[in-house]
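Thanks for coming. I will go through one structure, starting with confidence and ending with the cores.

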Amino acid sequence: MLETTQWINEYFKDSSDAIMIFKDDDLILSNQMAKDLRRELNLNPQYLVEVADSSVKQKFSPTDNCFSCIIQNKMKEISIPITLAKKMPHPLNYFMIYNIIDPEEKVFSLTLKNRGTIDRMDQLAQQKKLTQYVNRAYEKERKRISEDLHDSIAQGVYSAIMGVRRLENNQFSVEELDELTTVIESQLNDTLTEVKEMALDIRPSVLDNFGLLAALKVLAKRLQENSGVTINVAGNANTEKLSNDIQSVLYRIAQESINNALKHADADEITILLVAHDHYITLEIIDDGDGFDVPKHQRFNGKSMGLMNMNERVKMFNGAFKINSKSGEGTTVTVKFPIV
Amino acid sequence: MNPEQLNNPSDYQLIVNNIYQNEQFDFVGVALQSTKSPHLIKWKFVAGNTNEKFRKIVLRSGIGIAGLVVRTGKPFWDNDLNRYEYSDEMYTPIAKSELLQSAVAVPIISPLTKLVRGVLLAGYRSNNKQVSEQTALTLSQYL
């Protein structure tokens, strides 16, 4: 028994949260962290009590007219966001937790939890979700490639073989032979196109060999053929100074943005502008589609990478990412990267 | 019209116009595979179009409704085109650009080789009109 009390004491003493225990609104006990905080910030514990008190009154006040108060009344704890050291260059954000220990003796505790830690936890959770998503996307991609190989490529080659077999029948007239060979040729051609498109989807070799602008032009042409939407690419081709990583990011953002515009925006025309300056490069993807409410789509929804992923990718290389959109006024995605 | 006579391109426009006038379809189109390499399949003759996007579409054999018909040589119809997303196998650009809800497509078969040289497609924009095998039959009778 003595040992457990000692453990509890140790925990109280070394906790990374600042814990203060009050009786009748007077501070009677505080741990090391609380003492440090009080000393460093010149903090008066009475101030914290007042903050807690007013927020308790707020929550329990019947004039508050809030429905959820019924639930809150049952809560033994109340947590209050509070910012300390407001006037200093780095304000400290805390959650203050008000906890009643003994209502009759009027003993309660105030615990200050660093909000940075909580944010960090949030971040970790988000990251976990992202990793899961990436894994799933990776598997999905492999499945797609495998299906494409099986359904399109194998099928195309197979029908071409069947066609060649038909040629062995000698009863065809010259005209018929002519058309039949044309068909076989076109089947093989389709298959070739599909192989090329798959290769392009997986990793655009144009990007490595001819640079970003050429790759964007190829991409635009293909997506235009697939959708009927006019996609123009304009810009200067000076992308030599860019690292491969940044070129890839720019390419993927263009791809994702065009796909978004085709999928959701019902655009008639999409314009891609790639302009290199002395010390920075900008990529703009402008569509004349429906537009959307940007803040609604900014958070990670667990299913599609979308905007958040674009933002993350750009940030990784010290770039800036911006989306301008209004309902009915189209969308402009802008990416800017510094160049050495 | 006899398929043997379908060598003059404008005949297809006549067929398309005919169907558009006689039936209730909102959109009718014919896509043909080019006889010259690289044998692209494009929409050549349409009626009831709301925009010019069809001119830019290049069909891919095996993908989308028309692509499937070109590859299999069998008629195909679908009453819920909206459910397809851009990355789907059955995504059809013409349905998206012409806002079709349902469509039916039949192959245009070359009389010489009995092979598919194109596709005749017709569709509705309103979702209370359904297409069926019967619609496919009606459509193929115009060829």
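What is the mean pLDDT of chain B, and what percentage of its residues reach 70 or more? This is a predicted model, and for chain B the mean pLDDT is 82, with 87% of the residues at 70 or more. Residues 1-5 of chain B fall below 50 in pLDDT, and in the model this stretch has 7 contacts beyond near neighbours in sequence. Where pLDDT is low, the predicted coordinates should not be read in detail. For the model itself, the scores are ipTM 0.75 and pTM 0.64.

On to chain A. Chain A has 340 residues, and 23% of them are buried. Its secondary structure consists of 10 helices and 10 strands. Taking the contacts in chain A between residues at least 6 apart in sequence, 55% join residues at least 24 apart.

I will take one part of chain A in detail, beginning with the strands. S1(A), residues 18-23, pairs with S5(A) in the antiparallel sense over 6 bridges. Within that pairing, Met20(A) has Leu110(A) in S5(A) as its bridge partner. S1(A) also runs antiparallel to S2(A), and 4 bridges join the two. Here Ile21(A) stands opposite Leu29(A) in S2(A). S1(A) and S2(A) form a hairpin with 2 residues between the strands, and in this hairpin Asp24(A) takes a positive phi near 50 degrees.

Next is helix H2 of chain A, residues 32-41, where Met33(A), Ala34(A) and Leu37(A) are buried. Why do the buried residues line one face of the helix? Viewed down the axis of H2(A), the buried residues fall within an arc of 100 degrees, so they line one face. On the other side of H2(A), the exposed residues are Lys35(A), Asp36(A) and Arg39(A).

Now the contact between the chains. Chain A puts in 22 residues and chain B 20 residues. On the side of chain A that touches chain B, helices H5 (115-167), H6 (174-202), H8 (212-227) and H9 (244-265) of chain A each supply at least two residues. H6(A) gives the most, with 10 residues. By residue class, the side of chain A that touches chain B divides into 4 nonpolar, 11 polar and 7 charged.

Last, the nonpolar cores. The largest has 42 residues, and those with the most contacts inside it are Ala66(B), Val69(B), Ala103(B), Ala105(B), Val119(B), Leu121(B) and Ala122(B). Strand S6 of chain B, residues 116-124, provides the largest share of this core, 6 residues. Which residues is Ala103(B) in contact with, leaving aside its neighbours within four places in sequence? They are Ile65(B), Trp77(B), Asp78(B), Leu81(B), Ala95(B), Leu121(B), Ala122(B), Gly123(B) and Val131(B). There is also a second, separate core of 33 residues; among them are Leu207(A), Leu212(A), Ala254(A) and Ala276(A).

To close, I come back to confidence: residues 1-5 of chain B have pLDDT below 50, while 87% of the residues of chain B reach 70 or more. That is the end of my part.

How values were computed: Residues are numbered from 1 along each chain as its sequence is written. Chains are lettered from A and ligands numbered from 1 in the order in which they are written. This is a predicted model: local features need pLDDT of at least 70, side-chain atom pairs count only at pLDDT 80 or more; totals for chains, interfaces and linings use all residues. A residue is buried if 20 or more other C-beta atoms lie within 10 Å of its own, exposed if 12 or fewer, and partly exposed in between; C-beta atoms are placed from the backbone. Two residues are in contact if their C-beta atoms, placed from the backbone, lie within 7 Å. Ala, Val, Leu, Ile, Met, Phe, Trp, Tyr, Cys and Pro count as nonpolar, Asp, Glu, Lys and Arg as charged, and the others, Gly among them, as polar. A nonpolar core is a set of buried Ala, Val, Leu, Ile, Met, Phe, Trp, Tyr and Cys residues joined through C-beta atoms within 7 Å. The arc is that of the directions from the helix axis to the C-beta atoms. pLDDT is the predictor's confidence in each residue, from 0 to 100. Two strands pair if DSSP finds at least two bridges between them.
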